[in-house]
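The paragraphs below are meant to be followed with the structure in view.

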Amino acid sequence: MKKFLTTFGFWKVIAVAIMLAGIYSTYIRFFHGLGAATNLTDQFPWGIWIGFDVLCGVGLAAGGFTLAAIVYIFNLKRFEPIIRPTILTAFLGYVLVIVGLMFDLGRPLQIWHAIIMWNPRSVMFEVAWCVMLYTTVLALEFSPVILEKFHLTKTIKLVKRISIPLIILGVLLSTLHQSSLGSLYLIVPDKMYPLWYSAYMPVFFYTSAIAAGCAMIIFESFLSSRAFKRGLELNLLSEIARVCVMMLGVYAVMKVVDLSDRKMLSLLIVPKFETYMYWLEVAIGVIVPFVLFSQRKIRQSPSGLFAGAVLVVVGFIMNRMNIAITGMEGWSGSTYVPSLTEFTITMMIVTTGFIAFYSIAKYFPVFTHEELRDENAPAHAAAAWKHDIESVSRMAEARN
Amino acid sequence: MSIKKALLIDLTLCVGCNACQLACKEANHMPEPEKEEKSLSSTAYTALEEYDGVFVRRMCQHCEDPTCASVCPVGAFTKMPEGPVVYDVEKCIGCRYCMQACPFQVPRYEWSSTYPRIQKCVLCHERLAQDLPTACSEACPTGATKFGNRDELLKEAAERLTAEPDKYVQKIYGQKEVGGTSVLYISSVPFENLGFRTTLQNTPLPQLTWNALSKIPGIVTVGGAMLFGIWWITNRREEVREVEQNMKDTNHSNNGKN
């Protein structure tokens, strides 16, 4: 057994086990229906496939538009070394959201109906369109990586020519649907527990997604540096952590102001399950990482960065799960715990994401700045810095 | 002008005979029931719930501005001018947002099917088209469920409340809830004790999401212009830098020649 494990590798064995369980669950889902596969009921129609696969999948992919804006709109070219893996993460995230939806929708083969059957009053309609369009935008943003591999220079030029409008479109679409995932829940003012329900949910969803997207950039960089035995872009990542901590700060202030505006601050000390879950979410996802990331020393240490990023991601997931599940249970008068089938399918989708990222990064030029190995990293980062600073000081000179 | 129809359900008159459910199943071609269904299900568009001897008839409320119709991404729900909120299974993608959003928790799902439908009362819209009352109101032996024009039924309900103020709770449930519904209730027991949601707002819920959705054009135009502006500035900065760099280089090389 030990020999078997070392030959195949611990993680590979786990991945294979998850995939097999997932395939069996897929069979149950599509051949025996949602009733047999899930613990969903008429009282509780949305479970982890919406709460995790969709809400978290989209939110955690927010690094894509954030970094695209930083590199191409704000022209901070020193972040270029991490743009490709980030866009890839985002693209895979969206593809997997659509896969998750195919499991959750009762009539998945009808999914295309949203293209021709319009209902502009529906938030879900808007989200559907944004996700469709943004997935296309991400595919185009990532396409140069694939085209490079096959030396299709002409097509690359074509894509590069439309790259700025494409990036702007991507940022706009992301802004719309990241916030709209919060708007989805505006329609349930009575059903959702008031610690979470707020007219400002769209804004909260948007800001928390940017923070979580930044954390995902850091998280993904760490995993890639281990998997591909490459260096870490430590300087860049610690700057990303600064963006993250800023967003967390803005988010925290808005949450407190909102709670006090709605006169709900007293709910924070009511001894109730919802209160505990709320505090857990806020402590893990906001307070602790805010304290960690606001210290330069921690932002510049690999382990500090990694710990902070993991906390933000976990806290973000807890927030979305609380909104989708914890916050909705009380009113519906039922409890929901995902079934083994729901759980294994979610695990399978996540595992597919890891495998897809690994395979694409292995066979396509995703990590192009290979010279950024440990020993060279500081020098290169310093050079990039110098370039940026010089350009700014030249600007100042020119003005004088 | 088409006339808005409605049902007036007087809970004081209901004896719990379940004739409404039976007639409903027949009218909607549901399988012959083995026994009475005590709550709404994918095979029961209406059901009687008992609270201490008071029977409460549950069914779709047929809101004036239906939440289900507003949230459905493919527009599978329609509010007909006569009142019924109807469902088009051919459009439905099965996202179940209607179930999540319905303030009365009415829509039911065919969970055991591999090609499921949403199931809920359709206010016998086919019978209404033939100038017939709903099957349930026709079957009701005590007049607890009465079919008629909405404004007339509202007037009648108010008359009953004033005629016997000691008997009735002074409220017509459904007159104002979420902007009004096509199913109206009057009762001698406070509604909150009968499983009714009494904290619902009086304005239609779709307004809540519309507040957010209506901001989209603004976000797109202002955001688009802003992003383009920022890009233009940062890009221009880079271009100027390059030109200056080139000029410097040429100057240097010229100086070198001299």
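Predicted model: local features only at pLDDT ≥ 70, side-chain atom pairs only at ≥ 80, totals over all residues.

Let us begin with the overall form of chain A. Its secondary structure consists of 16 helices and zero strands. A compact globule of 400 residues would have a radius of gyration near 21 Å, and the 22 Å of chain A agrees with that. Along the principal axes, the C-alpha atoms of chain A fill a box of roughly 65 × 55 × 50 Å. Of its 400 residues, 44% count as buried. If we look at the contacts in chain A with a separation of 6 or more, 80% are between residues 24 or more positions apart.

Met318(A) belongs to helix 14, which covers residues 302-332. Cys56(A) is 262 residues away from Met318(A) along the chain, yet their C-alpha atoms are separated by 9.3 Å.

Most residues other than glycine have a negative phi. Asn75(A) has a positive value, with phi near 60°. You can find Asn75(A) in the loop between helix 4 (63-73) and helix 5 (83-104) of chain A. Asn75(A) counts as partly exposed because it has 17 C-beta neighbours inside 10 Å. His151(A), which is not a glycine either, has a positive phi of about 55°. His151(A) sits in the loop between helix 7 (123-149) and helix 8 (153-161) of chain A. With 9 other C-beta atoms within 10 Å, His151(A) is exposed.

Now turn to chain B. The domain assignment divides chain B into domain 1 (5-204) and domain 2 (215-257). Taken over C-alpha atoms, the centres of domain 1 and domain 2 of chain B are separated by 63 Å.

Chain B has an open sheet of three strands, in the order 8-1-9 and with mixed pairing. Strand 8 (145-149) and strand 9 (183-186) of chain B are the edges, and each has a single partner strand, so one side of each has no neighbour in the sheet. From one strand to the next, the twist averages 25°.

Which way do the neighbours of strand 1 of chain B run? Strand 1 (residues 5-10) and strand 9 of chain B run parallel and are joined by four bridges. On its other pairing, strand 1 of chain B is antiparallel to strand 8 of chain B, over five bridges. Ile9(B) lets you see both pairings: Ile9(B) stands opposite Thr145(B) in strand 8 of chain B, and its bridge partner in strand 9 of chain B is Tyr185(B). Leu8(B) stands opposite Leu184(B) in strand 9 of chain B.

How enclosed is strand 1 of chain B? Six of its six residues are buried, so strand 1 of chain B is largely enclosed by the rest of the structure. In a regular strand the side chains alternate between the two faces of the sheet. On one side of strand 1 of chain B we find Lys5(B), Leu7(B) and Ile9(B), and on the other Ala6(B), Leu8(B) and Asp10(B), all of them buried.

Helix 6 (residues 150-163) of chain B lies across strand 1, strand 8 and strand 9 of chain B, at about 130° to strand 8. The loop between helix 6 and strand 9 of chain B holds Tyr168(B). Tyr168(B) is buried, with 20 other C-beta atoms within 10 Å. Residues up to four places away in sequence aside, Tyr168(B) touches Arg160(B), Leu161(B), Ile186(B) and Ser188(B).

Finally, look at where the chains meet: 53 residues of chain B are in contact with 46 residues of chain A. Helix 8 of chain B gives the largest share of the side of chain B that touches chain A, with 16 residues. By class, that side of chain B has 30 nonpolar, 15 polar and eight charged residues.

How values were computed
Residues numbered from 1 in each chain as written. Chains lettered and ligands numbered in written order. Pairing = 2+ DSSP bridges. Helix = DSSP H or I, 4+ residues; strand = E, 2+ residues; numbered from the N terminus. Axes fitted to C-alpha atoms, helices over the stretch in contact; angles between N-to-C directions. Contact = placed C-beta atoms within 7 Å. Nonpolar A, V, L, I, M, F, W, Y, C, P; charged D, E, K, R; others polar. Domains from an automatic or database assignment. Buried ≥ 20, exposed ≤ 12 C-beta atoms within 10 Å, placed from the backbone. Rg over C-alpha atoms; globule rule 2.2 N^0.38 Å.
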